[in-house]
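Subject: Structure handover

Hello,

Please find the structure below, with the sequence. My notes on it follow.

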Amino acid sequence: MYFKSVIDQDKSSVVICNLQHEIIYMNPAAMKNYEKWGGESLVGQSLLNCHNEESGKKIKQVVDWFAASQEHNIIYTFHNEKQNKDVYMVALRDEGKLIGYYEKHEFRNPETMKMYDFEQEKMYFTQAKNEDKSEILALYRSLAGTEFCAWTEDYPGEIDIEGDLSRDGLFCLKDEKGEIVGVISIDQDENVEKLTCWSEGLQPSAELSRVGVRVLNQNQGIAGKLLQYGMEELRRRGKRSVHMLVCKTNKKAIRCYEKINFNVVGECEMYGEGWWCYEKAL
C-alpha cells in the first residue's frame, strides 16, 4: 500500500512490466502521458507492441542483462531533448530474483512548485470540460472592465472557449467545492506566432493566454499558480519555452510575470492595445 502510493504520487510516468513484457501497472502520470495511445487500456498489453522492432530488441537485451547478474539493475536508455528528461530501465527484484522491470523518467528542469505551499491542497488544476463553459464565460464577463484588465464584454467569449476546448487548450483551477477560481489557455493565435521576437533557439514553443482569476480570489498568488501549472503542461507536451503578450497597462500582470522570471523580448501593437512580448525557457 505504501509503496504503491509513492509511485502513484510521482509526477513522472512509471510503467511496470513483468518478464513477459506485459504492462501490469501504470501510475496516473503515465496514463495521462500515454493517453493518445490508449492510456489505462494499455495495462495487460505487451510493451513490445508499443515499440518498433529495433526498440523491442533493445528492451529484450536489457532484460537479459538484468537476468545475468543481481548487480545489473539500472541502465540509461534515452534522452528526450524536447522534454529535457533522461529515461532509464530499472530491474525489479524479489529477494534478488528478477521479476520484472520499469521505465524511469527523470526531468532535468528546475522545480517550479513553491516551497512549503500549504495552500495547494485546497485547489486543483484540471482540463476544462464542456460543462464548465458557462462558468468560465461568467468569470470572463466578471473581469471585463476591472482595473488593469484589457478584456471587454465581447472578448474573451464563447468562440474563444469553444476553440480552446477543441484543441484541449483550456484549463481551470478549482477549489474544494469544485468552483472555478481561475482559468488559463494554451493559445494558437497566428498573429502572435508570426511575431519575429520569439527566440529561434527555444522552439518548439507555445503561447499561454487568457489568464483570469475570480475577483474574490485575487491578490492570493492564484495567477502565479495558473502560470506554473500551465508551464508544466507545456513541458509535458514537449515545449521548450512559453511566450505571451502582456498589456502594457496591466501593472498587476507585469509584476506577476517578472516574479517568475519572464523576459521581455519585444513589443507590439495589436487589437487596439500596446503589448509587451514576454518569453521564458522551460
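Rings of Phe, Tyr and Trp (its six-membered ring) are taken as a pair if their centres lie within 6.5 Å; planes under 30 degrees apart count as stacked, over 60 as edge-to-face and the rest as tilted. On that basis, a search of the whole structure gives nine aromatic pairs.

Two notes on conventions. This is a predicted model, in which local features need pLDDT of at least 70 and side-chain atom pairs count only at pLDDT 80 or more, while totals for chains, interfaces and linings use all residues. Residues are numbered from 1 along each chain as its sequence is written, and side-chain values use heavy atoms, with hydrogens and water left out.

Aromatic residues

One of the pairs is Phe-125 with Phe-171, which is stacked, at 5.3 Å centre to centre and 10° between the planes. Phe-125 belongs to strand β6 (residues 123-127) and Phe-171 to strand β7, so the pair links parts of the chain 46 residues apart. Helices (H or I, at least four residues) and strands (E, at least two) are DSSP runs, numbered from the N terminus. Phe-125 is partly exposed, at 23% relative accessible area, whereas Phe-171 is buried, at 3%. Here buried means under 20% relative accessible area, exposed over 50%, and partly exposed in between (1.4 Å probe, protein chains only). Ring pairs join Phe-125, Phe-171 and Tyr-229 into a cluster. Elsewhere, Lys-248 lies over the face of Trp-276, 4.5 Å from the ring centre; this requires NZ of Lys or CZ of Arg within 6 Å of the ring centre and within 35 degrees of the ring normal.

Nonpolar cores

A nonpolar core is a set of buried Ala, Val, Leu, Ile, Met, Phe, Trp, Tyr and Cys residues joined through side-chain atoms within 4.5 Å. The largest has 25 residues, and Leu-208, Leu-227, Met-244, Tyr-257 and Phe-262 have the most contacts inside it. At least two residues each come from β7 (170-175), β8 (180-187), β9 (205-213), α7 (222-236), β10 (241-247) and α8 (251-259). The biggest contribution is from α7, with five residues. Apart from this core lies another, of 16 residues, including Tyr-34, Leu-42, Phe-66 and Ala-91.

Ile-260 is in the loop between α8 and β11 (263-270) and is buried, with a relative accessible area of 14%. Residues up to four places away in sequence aside, Ile-260 touches Leu-227, Gln-228, Met-231 and Lys-280, contact meaning heavy atoms within 4.5 Å.

The five-stranded sheet

An open sheet has the strand order β2-β1-β5-β4-β3, with antiparallel pairing; two strands pair if DSSP finds at least two bridges between them. At the edges are β2 (23-26) and β3 (74-80), each with a single partner strand, so one side of each has no neighbour in the sheet. Neighbouring strands are turned by 20° against each other on average, direction ignored.

Five bridges join strand β1 (residues 14-18) to β5, with Asn-18 opposite Gly-100. Between β4 and β5 there are 10 bridges, and Ala-91 has Tyr-101 in β5 as its bridge partner. These two strands form a hairpin with two residues between them, and Glu-95 in the turn has a positive phi of about 55°. Six bridges join β3 to strand β4 (residues 85-94), where Asn-80 stands opposite Lys-85.

Helix α3 (residues 53-68) lies across β3, β4 and β5 (97-107), at about 45° to β4. Axes are lines fitted to C-alpha atoms, for helices over the stretch in contact, and angles run from 0 to 180 degrees between N-to-C directions.

Regards
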